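Visitor: I would like to learn how to read a few features of a protein model. Please show me the structure, and we can go through them in turn.

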Amino acid sequence: MKSMKNTCMAFLLMACFIQCNNNSDTGVDEGEGDVPEGYYKNPVFIPTFADPTVIKANDGYFYAYATEDGWDYGKPAHIVPVIRSRDLVTWEFVRDAFDTKPAWKNPAFVWAPDINHINGKYYLYYSLSLWDDPNPGIGLAVSDSPAGPFEDRGKILLSDEVGVQNSIDPFYYEEGDKKYLFWGSFRGIYGISLTTDGTAITGDKFQIAGDWMEGTYILKRNNYYYLFGSNGHCCLGRETPYNVMIGRASSIEGPYVNQQGQSLLTHTGNAFLKGDPSPGVTTGFAGPGHNAEIITDEEGTDWFLYHAVDKSRPLLPNGATRRPLMLDRIEWANDWPQIANTTPSDTAQRKPKTE
């Protein structure tokens with residue numbers, strides 16, 4: 001789930017939190033000097049960058065956007081921070097996507113943005129919700145520039161309007177002249193058609209997965225549509241059990257199945273990426289999940305951007321779970337994607353070939 005899940009950790013052992021996490025720097029993590037030229041080491045952006053989404057813009061930069069979150073103790077939260085990079089490894093903070101928070105639902109927080117280039121403009125779909133919100137919704141903001149600022153266009157849907165509880169985590173997909181919006185979180189994953197301008201839903205919804213996932217992402221490769229979803233609680237510090245699971249279908253609307261051929265409406269996907277939520281372990285990563293768009297580099301290698309919990313520094317100064325940006329290489333075997341050891345890398349890896 002999104003950043004307000006973090007509140008369940010907010011005031012426990014606060015003195016320790018501040019002592020262990022009192023850094024306000026942004027960028028790549030410490031220790032990067034130990035990485036050989038042409039290589040990188042996770043995480044690739046700190047202190048936190050939850051629920052990322054990424055796009056390559058016409059200026060040659062990759063731009064990434066994340067859930068509203070506080071980076072520094074006692075300072076205002078970033079309302080969808082925007083960062084950019086030439087190589088997916090070295091990122092710089094640009095600005096917040098919004099000058100002011102969307103107000104069509106208030107109070108609420110801006111979670112899980114989804115960036116797209118549609119009709120010559122940058123469309124940012126986003127969730128507007130509170131923790132345990134009975135009626136969260138999804139909105140749209142638009143900008144001429146990937147850096148923003150984004151102008152809010154208001155509501156796309158509310159949970160009670162579409163009959164889907166916990167309507168968050170939007171994901172846009174376009175194929176031919178059809179535009180789709182997928183969404184949902186642990187109450188089923190649904191899709192619906194969008195109008196030609198991408199600003200409103202139309203027609204009837206359809207379900208593609210059961211109540212075991214959130215953070216929908218769909219990749220088309222060869223003859224299949226691959227569904228990536230995140231399972232478990234996102235934000236329990238070192239013990240965060242979040243993980244990524246996958247299935248696939250021959251049609252964008254499904255039916256989606258796992259590697260055993262079981263329907264994702266009634267069964268979970270297969271493990272794609274998982275961390276180590278073991279209590280007491282202070283090395284490695286826990287809770288990898290809610291991935292961004294998969295990027296294919298100049299050599300044809302696919303790269304997976306996501307967030308995870310650094311177990312050596314699991315919490316932000318305000319007590320929220322610290323979820324920095326991560327990057328790992330995808331390999332393909334028998335028409336299924338995989339990441340080495342099914343775990344986040346914690347050693348130096350060769351950088352993507354992006355130019």
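Visitor: How many aromatic pairs does a search of the whole structure find?

Guide: A pair of aromatic rings is described by the distance of the centres and the angle of the planes. Rings of Phe, Tyr and Trp (its six-membered ring) pair if their centres lie within 6.5 Å; planes under 30 degrees apart are stacked, over 60 edge-to-face, the rest tilted. The search of the whole structure finds 25 such pairs. One of them joins Phe228 and Phe272, edge-to-face, at 5.3 Å centre to centre and with 85 degrees between the planes. Before going on: this is a predicted model, in which local features need pLDDT of at least 70 and side-chain atom pairs count only at pLDDT 80 or more, while totals for chains, interfaces and linings use all residues. Residues are numbered from 1 along each chain as its sequence is written, and side-chain values use heavy atoms, with hydrogens and water left out.

Visitor: Which strands hold Phe228 and Phe272?

Guide: Strands are DSSP runs (E, at least two residues), numbered from the N terminus. Phe228 is in β15 (residues 224-231) and Phe272 in β17 (residues 270-274), so the pair ties together parts 44 residues apart in sequence.

Visitor: What is the geometry of the aromatic pair of Phe228 and Phe304?

Guide: That pair is tilted, with 5.8 Å centre to centre and 40 degrees between the planes. Phe304 lies in β20 (residues 302-310) and Phe228 in β15, so this pair ties together parts 76 residues apart in sequence. Phe228 and Phe304 are both buried. One aromatic cluster includes Phe228, Phe272 and Phe304, with Tyr306 also among its members.

Visitor: Which residue lies over the face of Trp332?

Guide: A charge sits over a ring if NZ of Lys or CZ of Arg is within 6 Å of the ring centre and within 35 degrees of the ring normal. Arg221 lies over the face of Trp332, 3.9 Å from the ring centre. Likewise, Arg248 lies over the face of Tyr224, at 3.8 Å.

Visitor: What is the strand order in the open sheet of four strands?

Guide: Strands of a sheet pair through backbone hydrogen bonds, either parallel or antiparallel. Here the order is β6-β7-β8-β9, with antiparallel pairing (two strands pair if DSSP finds at least two bridges between them). At the edges stand β6 and β9 (151-158), each with a single partner strand, so one side of each is left without a neighbour in the sheet. Eight bridges join β6 and β7.

Visitor: Is Gly120 buried or exposed?

Guide: Gly120 is exposed, with a relative accessible area of 53%. Gly120 lies in the loop between β6 (109-118) and β7 (121-129).

Definitions and conventions
Buried < 20%, exposed > 50% of the residue type's maximum accessible area, 1.4 Å probe, protein only.
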